[in-house]
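This report goes through a structure chain by chain. Please keep the sequence and the 3D view open while reading.

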Amino acid sequence: MLFGIALGVAVVIAIDLANASASRAFEISSEAVSGKATHQISASALGLDESLYIDLRRQGIVDTATPVITEFLSIPQFGDQPIQLLGVDPFTDSAFRDFIGSANGELPLGQLVSFITQPGTVLISTGLAERYGVAIGDRLDVAAGGLESTVVVAGLLIPADDISARALDGMMLADISTAQELTGRIGKLDRIDLILTPNQVESVRAQLPPGVSLETANARQGAVEEMTQAFRMNLSALSMLALIVGLFLIYNTMTFAVVQRRPLFGILRCLGVTRREIFMMIMSEALIIGVIGSLIGTGLGVLLGSQTVRMVSQTINDLYFATTVQTTGVAVSSLVKGGVLGILATLMAAALPAIEAAATPPWQVLSRSGLERKARTLVDRLGIMGAVAILIGVVLLFLPVDNLWVGFGATFFVVVGFAMLSALGMAILLTAFVPVGQKLFGLLGRIAPRSLVNSLSRTSVAVAALMVAVSVTIGMTLMIDSFRYTVNIWLREVLTGDVYISVPTLNGTTPLAPIDSSVLPVLETLPGVRQVDTLRSVRVDTRAGIVTLSASNNPGIGQERMFLERYTGQENLWAELQAGGVLISEPLARRMDLVGPGNSIEVFTPKGWMTFPVIGIYYDYATSEGIILTASSVYQRIWQDDQVTSIGLILEEDIDPDLVVRSLQDVHLTDQRLLIRSNQSLRSDVLDIFERTFAITSAMRILATIVAFIGILNSLLLLQLDHQREYGILRALGMTGKQIWRLVMLETGLMGIFAGLFAIPAGYVVALILIYVINQRSFGWTIQMNLTPAVLIQAMGISLVAALLAGIYPAIHLSRTPAAEVIRYE
Amino acid sequence: MSKTITRWVIVMAVTLTIVLWVTHLQGGQGERPVQARISGSGMLSADGFERAEPGRVFQFPRDHGAHPEYQTEWWYYTGNLQTSEGRRFGYQLTFFRRALIPPNQVRQRESDWAASQVYLAHFTLSDISANEFNFTERISRGAAGLAGSVGEPAYSVWLQDWSVRQLSDDRYELSARDAAGAITLGMVDEKGPLLQGIQGYSQKGPQSGNASYYYSQTRLHSSGTVEVNGEAYEVDGVSWMDHEFSTSALAEDQVGWDWFSLQLDNDTELMLYTIRDQNGQVDPYSQGSLVLAGGEVVPLSSAEYTIEILDTWHSPGSGARYPAQWRITVPSRAIRLDIRPLMAAQELNVTFTYWEGAVSVTGEVGDVPVAGYGYVELTGYAHSMQGEF
Amino acid sequence: MLDHRLDACAGGFLQLEHVYKGYREGERQRSVLVDLCAHAKKGEFIAIVGKSGSGKTTLLNLIGGIDRTDAGRITLNGIEITGGSDDQRTLYRRRHIGFVFQFFNLFPTMTIWENLTIPLELNGQFDQDGVERAGELLAEIGLADRKQAYPDQLSGGEQQRVAIARAVVHQPLLVLADEPTGNLDDDNGKIILALLDRLTRKAGNNLVMVTHSLEAAQFADRVYTLVEGKLEPIKD
């Protein structure tokens with residue numbers, strides 16, 4: 001039981017730690033990057049002309065403003081960790097960020113001479129320097145968007161405190177001039193940070209050319225934060241499921257302990273112990289168990305946390321933004337939250353048994369068989385309550401409330417409902433099983449189910465608990481399997497090219513760095529190439545935050561997408577795209593509520609806000625942020641940009657893609673580092689990312705399975721030990737050790753099978769909810785439910801194996817123990 | 001019994017609430033800014049820069065512009081202005097240039113932002129009748145057009161939107177604005193650039209090279225507008241400009257200076273400075289000059305004048321004690337002048353702390369009474385100026 | 001003495017020959033039964049009295065094949081109960097021995113009928129004959145109308161009657177009773193003893209009863225007392 005609580009708490013804590021860490025990492029790194037800015041000026045997609053900043057300065061329009069360039073660098077010496085390059089102007093930056101000026105705001109010019117005057121000079125934090133053994137004066141190879149160069153460490157940032165240390169850990173600071181040169185963005189800025197009073201905003205905005213926007217700093221982070229929020233909530237809710245499993249096991253064990261001690265309570269009541277005192281006695285026990293279990297769970301959670309933190313930040317990296325903050329420390333709040341949750345959960349689970357114990361009348365008026373008879377009438381009532389609970393769950397699901405917690409509440413009701421129904425189901429099925437059992441196992445086949453029915457007060461609780469545990473496992477497994485299945489199908493549809501070329505990215509997101517313009521003409525004249533598709537992806541502003549806009553030159557793009565909805569004929573698609581229509585991906589459509597015909601989306605372009613009609617919504621699992629797909633011609637006309645970020649080659653039938661990949665890798669196309677992949681390897685790369693995305697869910701499924709497994713083991717073990725005396729009598733009456741062994745195994749096996757059996761529909765419903773409600777609300781993805789028999793067999797397998805394992809010890813124990821010992825004392 | 005259960009439920013609910021609240025509070029703790037210090041490489045060094053030597057031939061407007069081969073340079077504009085109603089204003093607009101590396105070490109760079117020069121500027125407005133003094137400091141790289149100074153084809157010096165531009169041979173335009181006020185002046189140079197020291201070579205210490213090049217425009221007739229607290233005033237008055245550049249002006253034991261630029265109503269101007277050492281002793285390299293009505297510059301050695309401090313002022317801001325009233329005598333010219341600050345609080349508490357303020361002058365030249373206005377700069381009272389601009 | 005021993009060990013329907021049994025108590029070995037000999041003829045009712053802890057129940061368990069002797073042998077109808085594997089002993093016990101416990105030891109979650117028929121099921125006698133016999137027994141103990149009741153719905157005496165019926169329903173050669181009246185009042189005790197007597201000795205089967213009540217022992221053919229690990233005859 002301790003283990004049940006401990007593991008439940010551990011899972012909650014581990015997930016909460018990961019979430020807290022992810023959110024903190026985001027907070028810290030965004031704070032480090034955006035500092036105290038109240039507003040930001042940025043341009044659509046292609047960066048800001050630096051002259052805007054200079055003009056604003058020379059005209060005295062802005063007072064507290066500073067230019068910024070950010071880019072993610074890959075630095076081989078620093079391993080896989082993406083490094084955030086932050087290009088700043090030290091002279092104006094101190095009003096925004098506290099790490100380049102000294103404490104009193106004075107600029108330590110003497111320390112910055114090289115940094116300002118010498119090309120390729122950077123600052124890194126002492127933490128990073130120490131970790132990789134880098135000293136001032138050392139050289140580092142860096143690549144930004146495929147552009148490779150060498151930088152010199154001109155100084156170290158000595159963080160003032162722990163949080164700063166973490167924030168700066170993944171950061172490289174460069175003078176704005178150096179940053180322009182490293183990223184190849186000569187003449188460009190990413191944004192201008194400003195501190196504006198409310199009445200300055202409009203006067204600044206009036207000065208901005210079209211295609212340049214002024215927004216509050218919060219607005220920018222808010223959109224990202226909002227999306228990761230859904231993801232994190234999804235995780236914590238899943239971790240709650242693990243706790244619910246643990247809770248059921250606690251309930252099971254406590255109920256058991258109470259039922260077993262009924263005679264004792266009867267005697268105590270005779271001796272003058274009040275109901276209140278018995279209630280307090282049970283609750284105190286629960287409290288002690290809860291505290292110890294939660295303590296163990298907290299320790300376990302911290303251990304698990306180091307893994308979950310890594311997995312969650314990886315996922316966030318893949319799906320949302322590159323995080324450069326690696327560690328944020330253990331959030332004490334998470335530990336407290338988890339620990340208290342564990343204790344409260346234990347108390348809650350113990351409350352019903354405690355109330356029941358307190359209700360014990362003086363002496364045992366109600367005998368064991370009386371209890372069983374009561375239990376059997378209760379089973380019917382429980383069944384009805386279960387049906388009602390399921391109904392409530394279903395109603396909750398169809399409530400038009402867009403809240404993940406409602407979804408999880410529904411899940412909870414459904415699972416509990418099934419658990420309640422399981423007692424009734426078991427009573428009916430077991431009775432029906434008697435003749436079957438007789439046929440299969442003879443005498444024991446009859447005795448076992450009867451004995452289970454006869455002790456329904458104990459067995460049904462155990463089976464219900466097991467069912468909950470297994471159904472959660474089934475639900476998660478089904479979701480993950482379905483997701484993988486869906487992505488596989490999607491990839492097969494979407495990846496129609498044979499060879500793909502792009503600039504390597506640091507995370508799993510769409511490549512955004514343009515491919516050297518010299519590359520495309522070479523590829524177009526390559527023998528064996530039937531078609532060259534290009535894609536230009538840029539980040540654009542929408543009313544729902546920044547998303548990726550991709551422009552394709554492929555007239556057949558419509559055939560290469562799977563549509564959720566399409567508001568024009570397949571044959572008109574390309575024409576409509578060229579006429580300014582856009583396709584948007586499902587997550588974006590859901591997030592912006594654009595499902596349905598006649599919608600349009602606003603995009604901030606160099607010409608200002610422009611409205612594009614949505615002509616279709618397609619499935620896309622590459623990002624949960626969303627993508628806008630447009631035609632190259634439209635993009636080039638509006639953005640005045642003919643660069644491309646990814647190229648797909650379709651080869652003649654008889655050409656081997658791998659051969660082309662190899663030959664392209666051998667030919668020196670450009671100085672730029674390019675990623676040239678065959679369809680096959682791109683697909684497996686993409687799948688890798690998906691595996692990573694669901695690594696945490698998989699891990700949680702495994703934990704839930706372990707909790708379930710241990711729970712089955714634990715409760716069946718208790719149940720069998722409770723039967724110990726009866727087995728002793730049977731031994732005395734002449735039942736052989738082997739028969740006892742088989743009887744025990746049959747009993748636990750039956751319970752395992754029933755738990756597994758009831759878990760299947762419950763698990764299926766959980767999976768449905770996870771897939772169609774929870775996932776869709778947190779990621780915006782539609783996943784095709786893929787029900788494989790393997791999952792169900794697995795569930796049955798888990799419960800059966802656990803049940804049989806649970807039977808082994810009592811079976812061995814009881815069959816080995818001489819009957820004399822079992823019945824020796826009364 | 002039900003009471004017990006109720007009590008349990010309440011206890012649990014309260015605990016849960018407290019925990020959630022506490023964790024929520026904890027969640028909000030991330031407001032502390034990310035802070036760090038820098039340990040960098042490279043030093044500000046005078047190596048590789050040229051030093052001021054006697055015999056320089058000045059050429060204008062070219063020499064109005066920056067001289068990056070010297071490490072430091074400044075353009076000082078100060079002036080006393082008044083409205084037709086007699087409301088007085090003083091202003092200071094100073095540009096400092098500091099080279100981080102000498103020109104021969106500057107590498108060819110792609111980015112416009114690549115900088116080897118740092119510009120710093122101070123802008124003050126003294127609203128005498130309101131007894132209000134405002135100052136603002138700005139710093140910028142001398143690159144990307146954000147700050148700089150050129151001499152040809154026409155002179156200008158600017159830092160963002162603060163600038164002085166040459167409009168024609170003897171006409172200039174000065175403008176600056178900060179949160180508290182603004183100034184726009186058209187200036188006519190009535191006497192032309194006047195070389196200080198020995199033909200513009202101004203020895204500041206015993207060592208060769210402890211010197212600067214120094215010239216002034218001592219009578220810039222100025223008119224335009226001053227804006228204070230959102231109200232614009234038409235003003236008229238006289239400005240003074242000093243332009244000085246050097247690599248290492250102050251000797252090691254020199255901590256600061258008192259500098260006087262006085263414009264008298266007899267069309268003469270007096271410039272004096274005393275360099276003080278650590279013990280408050282007046283350095284013999286202190287000097288001055290008297291500009292006669294016709295533009296003739298009469299150099300004055302430190303032996304030729306005395307500056308007597310009659311009063312002091314204790315700055316509540318920096319805690320420094322500044323001289324606040326002086327009697328200047330130049331016996332050889334029968335000049336005796338009493339100088340009083342137009343207001344006491346004209347201290348700038350910026351990168352380095354100093355007092356620079358508008359003063360009034362009364363006194364006699366021989367038997368003839370004179371009056372006038374000017375500016376006094378007092379440095380090294382709050383901390384040593386060694387190593388600063 | 002030697003004669004008596006030889007005599008005591010010599011051929012009977014139930015025979016105990018030089019039985020030793022001890023238990024470890026921490027470091028020390030405590031002998032419970034020492035070189036114990038006894039025998040009974042077919043159909044005899046033997047009572048064993050003795051103080052608490054004298055080893056009466058141990059002896060009963062040994063006879064029932066529930067426990068093993070340390071040395072010596074016990075035979076019933078010429079078949080050694082103490083020999084063979086646990087399974088062999090169990091099967092022999094199942095078929096030929098019936099048990100009556102002080103605390104009835106009925107299965108609380110089974111009806112009277114279910115409790116009664118367990119030995120039949122175990123012995124594969126749950127056929128027409130067996131059912132009939134069980135029905136008769138139930139009538140004989142006066143509980144024919146309580147077939148579907150649960151044990152705790154019966155009084156102690158009624159429960160013990162069911163236990164006795166359970167012990168004989170499969171027609172064992174030997175019934176072992178461990179303080180069958182220990183938990184009952186005098187009247188009920190007498191009823192139980194009479195019932196036991198009727199269903200065993202009167203049916204030609206053997207009964208070995210452990211009791212601390214001399215009064216109960218009066219029913220027996222022979223009464224022994226267990227003293228220092230040996231049986232001493234009181235009534236022969």
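The sections below cover the chains, their domains, helix packing, strand pairing and some backbone details.

## Basis and numbering

This is a predicted model, in which local features need pLDDT of at least 70 and side-chain atom pairs count only at pLDDT 80 or more, while totals for chains, interfaces and linings use all residues. Residues are numbered from 1 along each chain as its sequence is written, and chains are lettered from A and ligands numbered from 1 in the order in which they are written.

## Chains and domains

Two residues count as in contact if their C-beta atoms, placed from the backbone, lie within 7 Å. Chain B and chain C make no contact; their closest C-alpha atoms are 29 Å apart.

Chain A has domain 1 (48-189) and domain 2 (504-673), with bounds that come from an automatic or database domain assignment. The centres of domain 1 and domain 2 of chain A, taken over C-alpha atoms, are separated by 32 Å. Contact between these domains of chain A involves eight residues of domain 1 and six residues of domain 2. On the domain 1 side of chain A, the residues touching domain 2 are four nonpolar, three polar and one charged. In this classing Ala, Val, Leu, Ile, Met, Phe, Trp, Tyr, Cys and Pro are nonpolar, Asp, Glu, Lys and Arg are charged, and the others, Gly among them, are polar.

## Helix packing in chain A

Helices (H or I, at least four residues) and strands (E, at least two) are DSSP runs numbered from the N terminus. Helix 15 (residues 443-454) of chain A packs on helix 25 (residues 737-778) of chain A at an angle of about 50°, and their axes are 9 Å apart. This angle makes helix 15 of chain A oblique to helix 25 of chain A. Axes are lines fitted to C-alpha atoms, for helices over the stretch in contact, and angles run from 0 to 180 degrees between N-to-C directions. Angles under 35 degrees count as roughly parallel, over 145 as roughly antiparallel, 65 to 115 as roughly perpendicular and the rest as oblique. Residues in the contact include L444(A), I447(A) and A448(A) of helix 15 of chain A, and L743(A), L746(A) and L750(A) of helix 25 of chain A. By class, the contact of helix 15 with helix 25 of chain A has nine nonpolar, three polar and two charged residues.

Helix 16 (residues 456-494) and helix 22 (residues 679-693) of chain A cross at roughly 155°, with axes that come within 11 Å. Helix 16 and helix 22 of chain A are therefore roughly antiparallel to each other. In their contact, R484(A), V487(A) and L491(A) of helix 16 of chain A meet R683(A), V686(A), L687(A) and F690(A) of helix 22 of chain A. The residues of this contact between helix 16 and helix 22 of chain A divide into five nonpolar, no polar and two charged.

## Strands in chain B

Strand 14 (residues 231-246) of chain B is joined to strand 2 (residues 72-82) of chain B by 11 bridges, and these strands run antiparallel. Two strands pair if DSSP finds at least two bridges between them. Q82(B) is opposite D236(B) in strand 14 of chain B.

Strand 14 of chain B also pairs with strand 13 (residues 211-228) of chain B, in the antiparallel sense over 15 bridges. S246(B) in strand 14 of chain B is the bridge partner of S212(B). Strands 13 and 14 of chain B form a hairpin with two residues between them, and N229(B) in the turn has a positive phi of about 50°.

## Sheet and helices in chain C

In chain C, four strands form an open sheet in the order 2-1-4-5 with antiparallel pairing. Strand 2 (28-40) and strand 5 (79-80) of chain C are the edge strands, and each pairs on one side only. Strand 1 (residues 14-25) of chain C pairs with strand 4 (residues 71-76) of chain C over five bridges, and L14(C) has L76(C) as its bridge partner in strand 4 of chain C.

Helix 6 (residues 156-168) and helix 7 (residues 186-199) of chain C cross at roughly 10°, and their axes come within 10 Å. Helix 6 and helix 7 of chain C are therefore roughly parallel to each other.

## Backbone details

The peptide bond from F60(B) to P61(B) is cis, with omega near 10°, and P61(B) lies in the loop between strand 1 (36-40) and strand 2 of chain B. A cis peptide bond also runs from E152(B) to P153(B), with omega near -5°. P153(B) is in the loop between strand 6 (147-150) and strand 7 (156-159) of chain B.

In chain A, Q640(A) has phi near 55°, a positive value in a residue other than glycine. Q640(A) is in the loop between helix 20 (632-639) and strand 20 (646-651) of chain A.
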